[in-house]
Amino acid sequence: MPDKRISLACHIVLSEKQSTKDSALWPSSGGLSLALAVTSVQTHTTQGFLVPSMENAVVKTTNLSDIISKFAKVCKFRSVGVFPDQKPNPKDTCNDVEEVFEDDKARDITCKPSRKVPSSRWNEADVSKLFDTVSSLKLAYLDFQRAHLPYDPDKIIEADNLVVSHLESLRRLKRLYLKTKQLQAKAELDAASRLNRLRDEVELNEKHLWELKTQTKAKESEIHSLKETLVCLVAENKKLEEKFVSVSSFEFAFRSASKSIHDFAKPLITLMKATDWNLDKAVESIVGDVTYAKNSDKKFAFESYIVRRMFHGMKLNPYDVSEVMSLDDPLDALAAFPDSAFARFCGQKYLLVVHPSMEASFFGNLDMRGLVLLGKHPRTVFYRIFAKMAKWVWVLGSFAASLDLEAKIFVVGRGTKFSSEYMESVVGDAREEDELRVEFITMPGFKVGDSVFKPHVYLSQ
């Protein structure tokens, strides 16, 4: 029988990225490698003895099969180690490869699932456990060698089991380390993915923010433009409001002036009747050849006379009427402002409207006329009625000039065909299809800006 020599050598290789043996650096270095290699197995028989090459021990041939079985069991366990150049496969859930060598042939490679680990980093306890296991493996292997000299099967089995146990511990540590690296790589991959997503979100939000800022600037510009437009509209509305109020005030003054003329014509006609004036001749002298619808309409002829006298030569000037309008009694206004434009207007128009013969026949003297010629204003009932009429006519002219410096007074000539668009009848509703003609006016018309105030006319067929 050929001799066979069995040689077993277990070599533990520990390498680290840095030269220090500080265990605190091992988890992060990634340079830990642990390998258990069976360098060679040789057996021979010499006269029935098994001789291990390391100790040159001689054993019985009857125990050869048992020893080979023990060594095969040792070699059966996979090489356990962490190498710097080893890259864990993330798809491999265990990275646990069993390498079994028997008769120089490799058995099938199998994979076992690994246990879950709670952390993706090694701590000092794990590193310390690794060192302790390696140290224990060395001691167990020494015990295994000593059990051969002298040869003691029980000790060999016990030492063999102890070596196998430590190799199992190293295997578990390797799996733990590889799983830790796998989890760490996965965590780094997830962190990188989250970082990329966050960067994409930040970029998208920055674009959205830029769009919002652009829209904000556009809105601010629009708001500024709208504010300017609002200021202009407010100013225009204020002007329109003032104009509307002024036009309304002018219309009120127009109606008041017309009514005050009618109110003055009444006492004038009454005094003429009282002093035996011939009213028919007086009416004929004012406007002749007029066919009146009824006898009472002749009063409009006296109103026409007063209007022609009051508005004769009147100039439209924008006077300040606030002082005169602040006093209800026109005589109080004349006494308070004797040198005012209104005072001069009132005196001039009295001398023009009330003829000396009329005043003499009414009152038996010309005392009022004398006072007016002296720039004074008598406080009589007749003169108060006249002063009230003069106030509204003067205010009407001032309002017209204040609204429009180019305001005009216009009248309608006798014989003009009636037009409801530009005229107003003093005797009620009048129709254009009746072919009515104007005989005389009782109130002139005004054109102020775009507004037209119709003259009052007396019509006949």
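This is a predicted model: local features need pLDDT of at least 70, side-chain atom pairs count only at pLDDT 80 or more; totals for chains, interfaces and linings use all residues.
Let me start with the largest nonpolar core, which has 63 residues, and in which Met310, Phe311 and Phe386 touch the most other members; by a nonpolar core I mean a set of buried Ala, Val, Leu, Ile, Met, Phe, Trp, Tyr and Cys residues joined through side-chain atoms within 4.5 Å. Buried here means under 20% relative accessible area, exposed means over 50%, and partly exposed is what lies in between, with a 1.4 Å probe and protein chains only. Helix α12, residues 381–403, gives this core its largest share, twelve residues, where helices (H or I, at least four residues) are DSSP runs numbered from the N terminus.

Residues are numbered from 1 along each chain as its sequence is written, and side-chain values use heavy atoms, with hydrogens and water left out.

Staying with Phe386, and leaving aside residues up to four places away in sequence, this residue touches Phe264, Met310, Cys346, Lys349, Tyr350 and Val353, contact being heavy atoms within 4.5 Å. There is also a second, separate core of 13 residues, and among its members are Leu130, Ala140, Tyr141 and Leu167.

Now to the helix pair. Helix α9, residues 341–353, packs against α12 at an angle of about 120°, and their axes are 9 Å apart; the axes are lines fitted to C-alpha atoms over the stretch in contact, and angles run from 0 to 180 degrees between N-to-C directions. The two helices are therefore oblique to each other, since angles under 35 degrees count as roughly parallel, over 145 as roughly antiparallel, 65 to 115 as roughly perpendicular and the rest as oblique. Among the residues that make the contact are Phe345, Cys346 and Tyr350 of α9, and Phe382, Phe386 and Trp394 of α12.

Finally, some backbone details, for which the background is that most residues other than glycine have a negative phi, and most peptide bonds are trans. Leu149 and Pro150 are joined by a cis peptide bond with omega about -10°, and Pro150 sits in the loop between α3 (124–146) and α4 (153–274). Asp276, in the loop between α4 and α5 (279–286), has a positive phi of about 60°, and its relative accessibility of 71% makes it exposed. Asp289, in the loop between α5 and α6 (299–310), has a positive phi near 55° and is likewise exposed, at 68% relative accessible area.
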